[in-house]
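Subject: Structure handover and findings

Dear colleague,

Please find below the structure that I am handing over to you. My notes on what was found follow it.

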Amino acid sequence: MFGNIRDNEIFLPRWNSIMDASPTELDAVKLGLFVSRLESVCEEMGAVLQRAAFSPNIKDRLDFSCAIFDARGELCAQAAHIPVHLGSMAYAMADIVSACEWHAGDMVVVNDPFLGGTHLPDVTVIAPVFGDEGDLLAFVVNRAHHADIGSSTPGSMPLSQHLDEEGVVIPPSYLVRNGVLDYGLLNSWFGEGQHGDFIAQVSANRSGLLRLIEVISALPLPFGAAVNQVQNYAEGIARRRLAELPHGRYHFTDYMDDDGFGNSHLAIAVSIELGAGGVVVDFAGTSAQVAGNINCPLSVAAAAVYYVFRCLMPDEVPVCMGLFRPITLSAPEGCLVNAQRPAAVAAGNVETSMRITDAVLGALAQAVPELIPAASQGSMNNVAMGGVLNALNEHEVWNYYETIAGGMGAHANGHGLSAVQSHMTNTLNTPIESLEMHYPLRVRRYAVRTHSGGGGRYCGGEGVVREFEFLAPTQFTLLTERRSLAPWGLAGGDAAAPGRNLFNGEGLPAKVSMRAGSGDVLTIETPGGGGWGKV
């Protein structure tokens, strides 16, 4: 089933060559076709992963990402999936691929946040692509969020203080060797029969291998030369765009609500220097890493920075490592955005990445206020829950995880969007029908949270209200932000309403883990987006 990909080439349809001769580089039209074909490979990988996966987290919420990297581990192309996945892979993949020996038919799996991962539920599977002469050409990669990664609490997003509490830590390991899937490795981490989503990830990479070989075979020049041309083209666009921004140094400090263990109002400080040579982003002054799990590895901070500057680029620019070469990133070791092992990081990927985005946008608003929106909701509003066995083993064990939408910040050209995922997340909600079919839950209310967006010339978007009724004993964990510190407005616009968490009508902290019984009700009211401009 998982044979050497080259053994199957005879069955592949061949695309027509995109050029008749063998040039040293592609012209503009054919370069655009090449980029589009690489992106289409990533899109097809995502379609396979979604359709082959078992968990609602992947097949319904689309909490996954797919990309192609060159032989050095530099990003070549990606689908429009999850920014925090893709940016962190772009930053760290070179270190991962250089640490492994690669052979045809191999796939490596990893989730270690301090070896290029984000947090433990995000599992990455990497497959090499070899040429006819046995030379390593590229990698196809996908990363997917697993709702059960063996954490101390259901949903694998615990209120943790140590990495080991957050689940199974997977160093770079060979999941597939010479085309053979290592079920024993999976069984050593998880119980038998719990491998469906891993198989889906392997299948997605197999699809990517097949399609990328088609693209490579259609090229009239070596794949490496074509990729280098894409990288240089993207870098040129990025440098020209950055040179247009007002040169200078811009500072901004935003704050995390808390870490769930008594540390509050934690600073994310950023200094951005714009100049002709590119941009330097420095996080000196950021709070030190903390006991709670809002710490994040530097790869996650890089993802947020890359995302913001990607938003300033022309739409048509290829999203590859060349786009990010003009960006220099610096953060003190041991700070909140460059945490060191064994710091807990489960919420750093989802919550701190959002605040890093806010801080970088806040600094850039001083340089180009007409291009920067007010703060969006600033939280992914993480809800993790599951069944727990009682003394008589009477209750079913299950795991569920979801991020909940909120309001988007207003901007110089209009109002913010309501009830959307923004910035570092790009997932969907779990449809009520799917949620109620798979789990002992009932959604009692799902609505726009009126009057939660900030006022101004343009109003911020509204958050949402999502209310769960538990139909069986359940343990749940909330990892949320912007509950005490509201999303800010810009240019005189008002701040948005902060979010609220309620259990049977009583307020809950931003970060909490507790048990619920049948009939109990959990309500999540998400923040709105900040307003822009004075009325």
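In these notes, buried means under 20% relative accessible area, exposed over 50%, and partly exposed in between, with a 1.4 Å probe and protein chains only. By that rule His-423 counts as buried, at 13% relative accessibility. This is a predicted model, in which local features need pLDDT of at least 70 and side-chain atom pairs count only at pLDDT 80 or more, while totals for chains, interfaces and linings use all residues. Residues are numbered from 1 along each chain as its sequence is written, and side-chain values use heavy atoms, with hydrogens and water left out.

Loop residues

Helices (H or I, at least four residues) and strands (E, at least two) are DSSP runs, numbered from the N terminus. His-423 sits in the loop between β13 and α10, and has a positive phi of about 60° although it is not a glycine. Asn-504 also has a positive phi, of about 50°, and is not a glycine. Asn-504 belongs to the loop between β17 (500-503) and β18 (506-507) and, at 41% relative accessibility, counts as partly exposed.

Gly-409 lies in the loop between β13 (399-402) and α10 (432-438). With a relative accessible area of 2%, Gly-409 is buried. Contact here means heavy atoms within 4.5 Å. Leaving aside residues up to four places away in sequence, Gly-409 touches Pro-373, Ala-374, Ala-375, Ser-376, Gly-416, Gly-529 and Gly-530.

A cis peptide bond joins Arg-341 to Pro-342, with omega near 5°. Pro-342 is placed in the loop between β11 (327-330) and α9.

The expected span of a helix is 1.5 Å times one less than its number of residues. For the 25 residues of α1 this gives 36 Å, and the end C-alpha atoms are 36 Å apart, which agrees. Buried residues of α1 include Leu-31, Phe-34, Val-35 and Leu-38. Among the elements that cover the buried residues of α1 are β1 (64-70), β5 (136-145) and α6 (223-244).

Axes are lines fitted to C-alpha atoms, for helices over the stretch in contact, and angles run from 0 to 180 degrees between N-to-C directions. The axes of α1 (residues 28-52) and α5 (residues 196-218) come within 8 Å and cross at roughly 160°. Angles under 35 degrees count as roughly parallel, over 145 as roughly antiparallel, 65 to 115 as roughly perpendicular and the rest as oblique. The helices α1 and α5 are therefore roughly antiparallel to each other.

The residues of the contact of α1 with α5 divide into twelve nonpolar, five polar and three charged. Here Ala, Val, Leu, Ile, Met, Phe, Trp, Tyr, Cys and Pro count as nonpolar, Asp, Glu, Lys and Arg as charged, and the others, Gly among them, as polar.

Helix α9 (residues 348-364) has 17 residues and should span 24 Å; its end C-alpha atoms are 22 Å apart, which agrees. Of the 17 residues of α9, 17 are buried, so α9 is largely enclosed by the rest of the structure.

Helix α7 (residues 298-311) packs with α9 at an angle of about 45°, with their axes 9 Å apart. That makes α7 oblique to α9. In this contact, Val-300, Ala-301 and Ala-304 are among the residues of α7, and Ile-356, Val-360 and Leu-361 among those of α9. The contact residues divide into eleven nonpolar, four polar and no charged.

With kind regards
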